[in-house]
Amino acid sequence: MQLYNFNFDVAETQADKARLLEAIYRLRYQVYVKEWGFEKPDDHPGGLEKDDYDQYSRHIYAYIGAMDNVVGTARIILPSDHLFPLQENFDFEENLFNHPDHRFAEVSRLAISKDFSRRAIDRVIFGTDSNFADELGRHHENMQNIEKERRKCEHELVRGLYMMIYRESLIQELTHWCAVMAKGLYLILSRWGIPFNQIGPEKEYHGVRAPYVLSIKNLEATIEKKNPALLQQARCGFV
């Protein structure tokens with residue numbers, strides 16, 4: 001499925017899943033270990049950032065060209081007998097996750113390839129990919145416009161990943177998401193009509209983070225008011 005210039009999918013239990021997951025884990029290593037230092041290299045041998053939650057997760061990814069050319073990823077940790085990372089690391093209302101009609105999943109490990117961003121802009125500047133350059137706008141007058149297009153690419157990647165998370169949530173019959181995130185991501189998602197609510201205080205956790213919860217029904221109601229075509233697109237597929 002496509003949105004903007006990217007393809008989005010879910011790593012299924014199929015013959016190429018191992019190859020896709022390796023590409024996803026390598027991107028996470030690039031972002032969480034090398035770029036931000038949130039994880040220790042010694043804890044992730046072979047340049048693959050993964051943990052015990054991955055086996056309970058659905059892995060969303062964005063790619064360009066070949067399926068294993070992964071440029072963005074996020075995961076949905078599905079409900080299981082295990083606590084979510086948010087539950088293990090943050091303070092919040094004790095009974096929040098115990099409602100019998102609620103089915104929670106945790107959204108985590110959002111990662112966007114900065115290497116891809118740089119390569120994309122290089123192609124625009126040096127004209128090595130005329131089709132891609134045409135889509136981004138070949139005749140930018142200055143670096144400010146080029147930076148604006150780079151950020152647009154990154155935002156479209158994030159928005160596309162969340163659209164796929166929503167679609168997968170419908171398949172998994174989820175009612176709520178929880179997430180640990182920085183204030184900046186929360187504000188971006190709020191502007192797009194993705195209404196997370198903070199449920200506990202901030203703390204130092206891979207940077208300053210806070211716990212959030214979202215009702216998928218509230219998400220649908222907000223998007224229906226703000227952009228009904230986008231909601232339909234998310235439900236039926238990307239165009």
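R28, E39, E49, D51, D54, R75 and R109 are linked in a network of salt bridges (a side-chain nitrogen of Lys or Arg within 4 Å of a carboxyl oxygen of Asp or Glu). The model is predicted: local features need pLDDT of at least 70, side-chain atom pairs count only at pLDDT 80 or more, and totals for chains, interfaces and linings use all residues. Residues are numbered from 1 along each chain as its sequence is written, and side-chain values use heavy atoms, leaving out hydrogens and water.

The count of salt bridges comes to eleven. Three of them are tabulated.

| Pair | N to O distance |
|---|---|
| R19 and D68 | 3.3 Å |
| D51 and R109 | 3.6 Å |
| E156 and R159 | 2.8 Å |

D51 lies in the loop between α1 and β3 and R109 in strand β5, so this pair ties together parts 58 residues apart in sequence. D51 is partly exposed at 25% relative accessible area. R109 is buried at 14%. Buried means under 20%, exposed over 50%, partly exposed in between (1.4 Å probe, protein chains only). Helices (H or I, at least four residues) and strands (E, at least two) are DSSP runs, numbered from the N terminus.

E156 and R159 sit three residues apart in helix α5, about one helical turn. E156 is buried at 12%, while R159 is partly exposed at 27%.

R209, in strand β9 (residues 208–215), is buried yet has no salt bridge. The nearest side chain of opposite charge, E204, is 7.1 Å away (Lys and Arg count as positive, Asp and Glu as negative; His and the chain ends are not counted).
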